[in-house]
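Dear colleague,

I am handing over the structure that we spoke about, and below it you will find notes on what turned up in it. Please read them with the model open beside you.

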Amino acid sequence: MTDWDGAAYDRLADPQARWGRAVLSRLELQGSETVLDAGCGSGRVTKALLDRLPRGRVVALDASSSMLSKARSRLSERLAQVRFVQSDLLKLEPAMLGDDMPVDAVFSTATFHWVTDHDVLFANLASVMRPGAQLVAQCGAEGNIKQLLEAVRSLGVKRAGTWLYPSVADTEARLRSAGFTEVQVWTNAEPTLFADRTVLVDFLEVVCLREHVATLPPAMRRDFVERVAAKMAEPVIDYVRLNIVARKSEDDETDWTMPLET
Ligand SMILES: C[S@@+](CC[C@H](N)C(=O)[O-])C[C@H]1O[C@@H](n2cnc3c(N)ncnc32)[C@H](O)[C@@H]1O
C-alpha cells in the first residue's frame, strides 16, 4: 500500500480536524491520563488532545511514516509527553507501549474505516487498555461517501483500495465480544462543503481517492480526480460518521504489574 502524504494531509484536513475536536469533547479527562491516539495522522487532533492533558501523556500511533514525521513537527513543543509508535493497528501489541502501558483511554478519529478487521482491531485496543478505560472514536459508517463512490463508478471504474464502513449493529456486537461495556454507537450525516472545486479535487486526491490514484500513471492522476469531481453536482462529500463511546470491562484479569513479554 502507498504511504499517505503527511504534509498535504495536514494542509487539507480541516474537516477531520473539526470532527476530531467534537469527538475529543466526549473524552472524560482530568488532565493526567495516558491516552492512545490510534491513527494520529499528522497530529492536528493529537495536539488538541495534548492540550487537555497538561500533566498526562499521549501515545501517538500510526502506520504511516510520512504522517508520523509531520506529527513530530506539529507536536515538537510537547515531545516529552509523547511516545510515537509506528505500527499497523492490526499488529498492535502491549510491548510497543513500554511503560505507557496500560492506557487510561483510546481515542481515534477518521481511522478505523481504513482498518479492515474490526474484530482484531477492538481486541488489540482492549489488550492495551486498563480495566474501565474509555474508548472514544469516530470513523466512516455504513453508507459513507455513497454519492462519491457512485461518481467514481459512473466513470466505469470501482475505487481501488480497501476499507470497511460498518453498521451500528455490527460494531456494537464486535465491541461487546472484544470485552467492552457501556457501549454506545450511533451515526450522523456530515455532508461536507468545500470552498471550491480546486480544494475538492486536492482533497479527493490526497484523502478519499488516495489508494485509487496510486494505481494510475502519474500523468493521469489529476485528470482522473477532476473527472470524478465533475460528476459531483456540488463540491460536497456525503460523509456519514460512526461514533463509538465504550468502556473496557472492569472484569479484565490481566496483571499489569507483571513484566511484559517482548
Ligand atoms: C484520515 S487519517 C486521520 C488522522 C487523524 N486521526 C485525523 O483525524 O486527522 C487516517 C490515518 O489512519 C492511519 N491508518 C490507516 N490504517 C491504519 C492501520 N491499519 N494502522 C495504523 N494506522 C492506520 C493512516 O496512516 C492515517 O494517518
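Ala110 is placed in the loop between strand S4 (103-109) and helix H5 (118-127), where helices (H or I, at least four residues) and strands (E, at least two) are DSSP runs numbered from the N terminus. The phi angle of Ala110 is near 55 degrees, a positive value in a residue other than glycine. Pro102 lies in the loop between strand S3 (82-86) and strand S4, and a cis peptide bond with an omega of about -15 degrees joins Met101 to Pro102.

Please keep in mind that this is a predicted model, in which local features need pLDDT of at least 70 and side-chain atom pairs count only at pLDDT 80 or more, while totals for chains, interfaces and linings use all residues. Residues are numbered from 1 along each chain as its sequence is written, and side-chain values use heavy atoms, with hydrogens and water left out.

Now to the ligand, which is surrounded by 19 residues, "near" meaning that a heavy atom of the residue lies within 4 Å. By class, this shell has 10 nonpolar, seven polar (Gly counts here) and two charged residues (Asp, Glu, Lys or Arg). The closest residues are Tyr9, Gly39, Asp62, Leu89 and Thr109. A backbone N or O atom of Gly39 comes to 2.7 Å from a ligand nitrogen, and for a backbone N or O atom of Thr109 the distance to a ligand nitrogen is 2.8 Å.

Finally, there are 14 salt bridges, each a side-chain nitrogen of Lys or Arg within 4 Å of a carboxyl oxygen of Asp or Glu. One of them joins Arg247 to Glu28, with the closest N and O atoms 3.1 Å apart. Arg247 belongs to strand S7 (residues 236-248) and Glu28 to the loop between helix H2 (14-24) and strand S1 (34-38), so this pair ties together parts that are 219 residues apart in sequence.

Best wishes

Definitions and conventions:
A polar contact is a pair of N or O atoms within 3.5 Å; within protein, one must be able to donate a hydrogen and the other to accept it, and residues adjacent in sequence count only if both atoms are side-chain atoms.
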